[in-house]
Structure formats: structure tokens, C-alpha cells
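Hi,

Here is the structure I promised to pass on. Have a look at it first, and then read my notes below.

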Amino acid sequence: MPKNDKKTKVIEALNKARSMELYAIAQYMNQHYNLDDMDFGKFAANIKLIAIDEMRHAEMFAERIKELDGEPTIAMDASPKKGQDVKDVFPFNRGVEDGTMDVYNQLVQVCRENGDNISADLIKSILIEEQEHFNYFDDEAEHIKKLDNAYLAEVAGTASSTGGYGRGFSLKK
């Protein structure tokens, strides 16, 4: 296979990942605004921080695509789902992150098969943060499922401030 074809396949893989990140940004920011409006500040703040992580991921993919002389996509992988009930947000997002991790694991293989370990390692590093996001969404979904309105009442009225954290959910630690 000619070298250019290999590079093209890697750029396509990175653009697939970027389009998934752009979707996640829009989805999570929409949820952030809605949860804040519903007065679930703690949830809104954490989802905003996760959206910031996704913004950083999208930018990292774009930078790598540019290094490979490609053009970063601006298309989202899907359209955001709007107007979700608070009880639906976390299972939904858990599914988004689970699907993302599945695709990213496949994209790591595409990069390796086409001789680009740098891009593979980039995706692997982002996978670690996607797992953190999945764990958060999974934990909150389980709390809401088990404790229902008692848990939601505890979170209602909490502050939505991210405390000046502009670094995101994964990097705030």
C-alpha cells in the first residue's frame, strides 16, 4: 500500500474521532445548560467540565490531523438530543462514552496497521479520559436508579459553578 494511502486512512480515523468529540461537546453543553436551568448545579458543572475535556480532545485530534497535512472535520458525528429529563441524562451519556471507547479502540488498530504509532498513542491517551467520563456517568446513573428522588433532592439547588476550573473534568484533579 502506498505511503499516502496509509496516511489518508489515519487522517480518516482521526477525523472520525474528531467528529465524535464535536458531537459530545454539543450534547454535553446542551445538557449543562438544561441541568443548570432545572437547578441541578452539581450535575451541570461536572458535565460542563466533561465538555471542556471533549473540546481539548477535538483540538488534539485537529492538531494531529494538521501535522499529517489533513483537514480537520467540522462535522458532528450525530445531532444532539435535546430536552432530556435529568433521569435520562446519565444512562444516555454512559452509552455515548461506551460507544466512543469501542470506536476509539478500533481506531487505535487502524493507526497501528497503517504505521502511525503517534496517532495510536494519542487516541489511547484520550481513551483513558473517556473511561473517566464513563465511570462518572455510570456512577451517577446508578445513584439515581437506586436512590431516585432522594438523591435528586440532595443535588437540587447545588451550585453550578465549576470553581474556575477551565481545564476540564479529567485535569481538575
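**Two aspartates, then the rest**

Let's start with Asp39, which is partly exposed, with a relative accessible area of 42%. Before you read too much into any of this, keep in mind that this is a predicted model. Asp39 sits in the loop between helix 1 and helix 2 (41-67), and its phi is positive, about 75 degrees, although it is not a glycine.

Asp148 belongs to helix 4 (residues 117-155). Its relative accessibility is 31%, so Asp148 counts as partly exposed.

**Salt bridges**

How many salt bridges does a search of the whole structure find? The search turns up eleven. Here are some of them, one by one.

- Glu67 and Arg64 pair up through their side chains, at 3.0 Å from N to O. Both lie in helix 2, three residues apart, which is about one turn of the helix. Glu67 is exposed at 55% relative accessibility, while Arg64 is buried, with a relative accessible area of 11%. The cut-offs behind those words are under 20% for buried and over 50% for exposed, so Glu67 at 55% goes into the exposed class and Arg64 at 11% into the buried one.
- Lys66 and Glu71 form another salt bridge, at 3.8 Å from N to O. Lys66 is partly exposed at 46% relative accessibility, and Glu71 is exposed, with a relative accessible area of 58%.
- Glu142 and Arg94 are bridged as well, and their closest N and O atoms are 3.6 Å apart. This pair links distant parts of the chain, with Glu142 in helix 4 and Arg94 in helix 3 (residues 86-113), 48 residues apart. Glu142 counts as partly exposed, at 26% relative accessibility.

There is also a network: Asp53, Arg56 and Glu129 are joined by salt bridges that share partners.

**Nonpolar cores**

Which residues have the most contacts inside the largest nonpolar core? They are Tyr28, Leu35, Phe43 and Phe90, in a core of 28 residues. Helix 1, helix 2, helix 3 and helix 4 are the elements that give two or more residues to this core. Helix 2 gives the most, with eight residues.

Leaving aside residues up to four places away in sequence, Phe90 touches Phe43, Ile47, Tyr136, Phe137, Glu140, Ala141 and Ile144.

**One lysine in helix 1**

Last stop: Lys16, in helix 1 (residues 3-37). With residues up to four places away in sequence not counted, Lys16 touches Asp77, Val103 and Leu107. From Lys16 to Ala58 the C-alpha to C-alpha distance is 10 Å, and the two are 42 residues apart in sequence.

Cheers

Notes
Residues are numbered from 1 along each chain as its sequence is written. This is a predicted model: local features need pLDDT of at least 70, side-chain atom pairs count only at pLDDT 80 or more; totals for chains, interfaces and linings use all residues. Side-chain values use heavy atoms; hydrogens and water are left out. Helices (H or I, at least four residues) and strands (E, at least two) are DSSP runs, numbered from the N terminus. Contact means heavy atoms within 4.5 Å. Buried means under 20% relative accessible area, exposed over 50%, partly exposed in between (1.4 Å probe, protein chains only). A salt bridge is a side-chain nitrogen of Lys or Arg within 4 Å of a carboxyl oxygen of Asp or Glu. A nonpolar core is a set of buried Ala, Val, Leu, Ile, Met, Phe, Trp, Tyr and Cys residues joined through side-chain atoms within 4.5 Å.
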